[in-house]
Structures are given as C-alpha cells and as structure tokens.
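Dear colleague,

I am passing on a structure for you to examine. Please look at it first, and then read the notes below it.

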Amino acid sequence: FHPHPVDIKQWYQRRVRGNTDNMLNILMEEMDCCGIYNATDFQTLTDPTLWNQANVPDSCCKIMSTGCGWNYDPSDTGINHGGCLEKSVNYLRENFQKAGIFIFAVIAVEILVICIACCLRKRSKGLLA
C-alpha cells in the first residue's frame with residue numbers, strides 16, 4: 001500500500017476547519033510526524049481560504065498551539081519534519097514482533113495448563129468416581 005500524497009492532501013484540505021479531531025491530525029500528533037513523506041507534502045495545497053503554501057497543520061508542531069504551523073520554514077525546529085508513513089511502518093514492525101512474542105508466551109502457558117490438567121485428571125481417576 002503506497003498512498004498517493006496528492007490524494008491524502010486533498011482529503012486533508014477538504015476536512016480541515018480548525019479542528020484537530022480528524023484521523024490525520026491525531027496520527028501526526030501521536031507519531032510526532034508531519035505529512036505522508038515529510039512536512040513539505042502540504043505545500044501544494046492552494047486554496048487560500050483554507051490553506052497557503054507556507055502552512056503546515058498545527059498538529060505538525062512539537063508543541064501544539066493555534067496557528068503554530070503557519071508560515072512554515074523547513075529550518076523551523078518547532079515542527080516535526082519527518083513523514084508519518086515511515087514512522088507508522090516502523091511502529092507496526094516493532095509492535096508486531098512484541099505482539100508475536102506475547103501471543104507465543106500465552107499459547108505456551110495454555111499448553112502447559114492443559115498438560116497439568118490432563119495429568120491431574122489421570123491421577124484422580126477413580127478417586128472421584
């Protein structure tokens with residue numbers, strides 16, 4: 001799956017109304033990232049009533065405040081410059097491994113419990129009946 005950045009930007013442009021409650025904003029806030037590939041993804045949005053080329057969403061800011069993403073400068077240290085796609089893929093890879101280890105451990109414990117239950121049943125056969 002390789003999202004096309006223009007589609008994502010158009011999706012964002014249609015939904016941005018000053019709210020930070022949409023999915024892309026939440027992702028950018030939680031993952032400390034900006035855009036799909038990087039913060040410059042938003043430079044092609046051109047509707048001046050919603051956006052101009054010198055803006056990034058406020059959710060790209062390291063410290064959120066209203067209008068903190070306006071007048072974006074690539075050298076600005078207050079903006080997360082990295083893209084969300086790479087960070088999301090890395091996050092999933094790291095957590096899939098942890099989840100796999102956890103699931104394997106749970107299955108091993110379940111098998112051990114079943115074996116113990118079978119042994120106890122075999123020993124108690126005749127005692128309870």
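The model is a predicted one. On its surface, Phe 102, Ile 103, Val 106, Ile 107 and Ile 111 make up a nonpolar patch, and their accessible area together is about 480 Å². One of these residues, Ile 107, belongs to helix α3, which covers residues 84–124. Its relative accessible area is 46%, so Ile 107 counts as partly exposed, a class that runs between 20% and 50%.

The interior deserves attention next. In soluble globular proteins, nonpolar side chains tend to be buried together. The largest nonpolar core here contains 13 residues, and Met 28, Cys 34, Phe 42, Val 56, Cys 60 and Ile 79 have the most contacts inside it. Helix α2 (residues 23–31) contributes the most to this core, with 3 residues.

Which residues does Cys 60 touch, not counting those up to four places away in sequence? They are Met 28, Cys 33, Cys 34, Gly 35, Phe 42, Gly 78, Ile 79 and Asn 80.

Finally, please consider Ser 88, which is also found in helix α3. Is Ser 88 buried or exposed? Its relative accessible area is 19%, and buried means under 20%, so Ser 88 is buried. A polar atom of the Ser 88 side chain lies 2.8 Å from the backbone oxygen of Cys 84. Apart from its neighbours within four places in sequence, Ser 88 is in contact with Leu 27 and Met 31.

With kind regards

Methods
Residues are numbered from 1 along each chain as its sequence is written. This is a predicted model: local features need pLDDT of at least 70, side-chain atom pairs count only at pLDDT 80 or more; totals for chains, interfaces and linings use all residues. Side-chain values use heavy atoms; hydrogens and water are left out. Patches are made of residues with over 30% relative accessible area and no salt bridge: like charges are joined within 9 Å, nonpolar side chains (Val, Leu, Ile, Met, Phe, Trp, Tyr) within 5 Å. Accessible areas come from the Shrake-Rupley method with a 1.4 Å probe; for residues, only the protein chains shown count as cover. A salt bridge is a side-chain nitrogen of Lys or Arg within 4 Å of a carboxyl oxygen of Asp or Glu. Helices (H or I, at least four residues) and strands (E, at least two) are DSSP runs, numbered from the N terminus. Buried means under 20% relative accessible area, exposed over 50%, partly exposed in between (1.4 Å probe, protein chains only). A nonpolar core is a set of buried Ala, Val, Leu, Ile, Met, Phe, Trp, Tyr and Cys residues joined through side-chain atoms within 4.5 Å. Contact means heavy atoms within 4.5 Å. A polar contact is a pair of N or O atoms within 3.5 Å; within protein, one must be able to donate a hydrogen and the other to accept it, and residues adjacent in sequence count only if both atoms are side-chain atoms.
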